[in-house]
Amino acid sequence: MKYAFLLFGLIYFSVNAQTQTDLSYYLPQDISYDTRIPTPESVVGHQVGEWHITHDKLIQYMKALANASNRITLEDRGVTFEDRPLPLLTITSPKNHNNIESIRTNHISATETNTANIENRPVVVYQGFSIHGNEPSGSNAALLVAYYLAAAQGDAIETMLDNTIILFDPCYNPDGLQRFAYWVNTNKSAHINPDPNDREYSEVWPGGRTNHYWFDMNRDWLPVQLPESRVRIASFHKWLPNVLTDHHEMGTNATFFFQPGIPSRTHPLTPKLNQKLTKSIGHYHAKALDKIGSLYYTEENFDDFYYGKGSTFPDINGSIGILFEQASSRGHAQESVNGVLTFPFTIRNQFTTALSTLEAANSLRKDILQYQHDFYKNARDEASSASGKAIVFGDEKDAAKTYHLAEILKRHHIDIHHIKNDFSKNGKRYTKHHSYVVPMHQKNHRLIKAMFEKRTSFQDSLFYDVSAWTFPLAFGLDYDDSIAMSQAGEKIENLDMLDGKVSSNSNYAYVMEWHEYYTPKALNAILKSGLRAKVAMKPFKINGKQYDYGTILIPIQNQNRNVNSLYNTLQDIAKESHITMDGLYTGLTEGIDLGSSQFRALSLPKVAMIVGDGIRSYDAGEIWHLFDQRFGMQLTKLDTRDLSYADLSRYNTIILPSGSLEKSETESIKKWIEDGGTLIAYRSALQWLNRNDIVKFEFKTKEQVAKKVTFEDRGNFRGAQVIGGAIFEAMQDRSHPINFGYKNDNIALFRNNTIFIKPNKQSYNNPLQYSKTPLLSGYVSKQNLDSLALSVPFQVNRYQSGKIISFTDNTNFRAFWYGTNKLLMNAVFFRNQM
């Protein structure tokens, strides 16, 4: 026992000694520092690593540096969802600052001409930290890196700053960093306890990894759906940095990783020289980490495939992206297989590799500048062979969804055009203001290929993230990648959404088709205003116009306002939702008349979503964001801890994202369904339904048998059976309410799970069913593809007076899968019609 106390005492004194550090622990000591530059402690009130920096203090220090140093300027680029600032520091020599715009334009010019000066031009390095808020060593190291760049003295630093423009992003994820800092700081003990079981190292749901709406922002570099991403991508394209770094953390028992990753998992569109230069830069990291005695590894675990990640997005844009992964203390100090891992130690490694990045960029400056120049020169050569060719995309019934894809392209500096005239190609109709043309002969030719390509063959069968992201499929748009530029109209400089309107003032009824993306927003506003609305269960034709399944009818009679007031209300709703409503003057149609029982009355959805322990926060955040940001719909977030005593009768619809519930929570939900509620369940929640005998699904299962697989390769064998993220085709019965608002008979679904459900024996109960050969883009093993074929991703089941609507797939993936968002909205609004 006394030895145990002795060991504890040694650990205690060792931990506290290691966590009580000053600048000498981190900074090079063979140079001097300008005493006029404030140290981090003098501004934030504590030593770096003593506490986790909060975002407000981080920004306070960056502003103090910008005020004190002629090497630093600070740009205010916007705010997060929680109104936290998103600044960018530009760090370079005073001489360069005086000429900064000329340097930038010359840098961009080098990507657009056949010759470029690489002798005297600075290299541009974008350094960013902690895109995952609970991986905080990056942003805490940013305090030190910024101080060093502002205060370090001597010929070496002066030369480096003359030769480098540093775009410094101290925190990619302010909201997540703040959330995590609050957690670990409020759970820190005066005498630090490295026991992994301590509360400090187990943050509460949803954790600090994500942003306000619980998105993993390191997947949003290509879709750019979030405010943090939008300012960052604007800065990227404004400068086209040569190198971009992304500082992360990983499991506590790891060491330190820097790229390149696994060579066979690099996207084929990435030039081989990119990986060669990444490896050359890696030698500088190795040398720097060797010097301070830190363990590391490279070319393992991580990959460079999905272009939506921070370390891979630069690779398709002529830059070199570099991922750093530091073993995480997840607090102030934690036991690991490598000994006690202290927070200052993790910060020092990040600081060290931030400096080695700058050393490498300077030493390899000419090679890196030449690489970027050649990347765009070669891309121009490729594009010239596609001169006269273009891609068209659109939806003749949905201008808004089409606009939002065009918006992404514009954010990536991709040129787009209107179509010259309406036309048809391969059975699809493309109309003005509902379709756009993307010329293939333009600067970002390779980026266009990366965004529009469908790929089904791969060198490797393992992926760190998704294997497919074909944008027109994600948006549910028609597209053709082989049209002539003669179909293109004028180039679009300023992209605008179509204005919404009510076509005429009626004294009988108004109708709106359900195809447009923002029709759920409009319908919610209509019902919330106390107006009566109905949905058409069958198509009809009136005034020469065909109205499809799901058309919404707003009658004039028996409403809560007079004719003119109703018109004004609908006009406001139409404008805000960018939709068109038509005024009708008779109830007589070709098809179902407006007084038909085939128009079914709708009620205002009162929706809650279950969140908290046991629920996948990503999925829940995507749904919250969809309701709150896209459609302006009220969504109550019910924590699993409160389900047993919450008044669930307030809601007619509850959404259960991927996850499961404990016994008492399950009983509460079962009782609510029995009393007439509608539960919408996603993904792994279907297995919870099955286990609790609420719905008995017939799952397809196949045993995985490894043949001639070695012990060493067992992980690769199992990994190859994972569907990491691919796109599949499903057939649609458009007469079923789940498919209202879709004009085609098939739909592209995103899937990243292996839940396969057998179809119902009654075909009308299978309104969504995977086709016989469903793979559209991405990797899937043959075994899983066989299981997926003709399975169903959707079912409706009765449970006493209520019902369960089940989806095997995520209809709201990462906020950019616009094409399937309406499936959830249909389940919400038309729940009583299913």
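Colleague: How many helices and strands does the secondary structure of the chain come to?
Modeller: The chain has 24 helices and 34 strands. Those are DSSP runs, numbered from the N terminus: helices are H or I with at least four residues, strands are E with at least two. This is a predicted model, where local features need pLDDT of at least 70, side-chain atom pairs count only at pLDDT 80 or more, and totals for chains, interfaces and linings use all residues. Residues are numbered from 1 along each chain as its sequence is written, and side-chain values use heavy atoms, leaving out hydrogens and water.

Colleague: How much of the chain is buried?
Modeller: 61% of the 834 residues count as buried. Buried means under 20% relative accessible area, exposed means over 50%, and partly exposed is in between (1.4 Å probe, protein chains only).

Colleague: What share of contacts comes from residues 24 or more positions apart?
Modeller: They make up 79% of the contacts with a separation of 6 or more. A contact means heavy atoms within 4.5 Å.

Colleague: New topic. Which peptide bonds are cis?
Modeller: One runs from tryptophan 205 to proline 206, with omega near 5 degrees. Another joins glutamine 259 and proline 260, with omega about 20 degrees.

Colleague: Where do those prolines sit?
Modeller: Proline 206 is in the loop between helix H9 (174-186) and helix H10 (227-239). Proline 260 is in the loop between strand E6 (256-258) and helix H11 (272-292).

Colleague: What about phi of histidine 578?
Modeller: Phi there is positive, near 55 degrees, and the residue is not a glycine. Histidine 578 lies in the loop between helix H18 (563-577) and strand E23 (580-584). Histidine 578 counts as partly exposed because its relative accessibility is 25%.

Colleague: And arginine 683: buried or exposed?
Modeller: Arginine 683 is buried, because its relative accessible area is 7%. Its phi is also positive, about 50 degrees, though it is not a glycine. Look for arginine 683 in the loop between strand E29 (678-682) and helix H21 (685-691).
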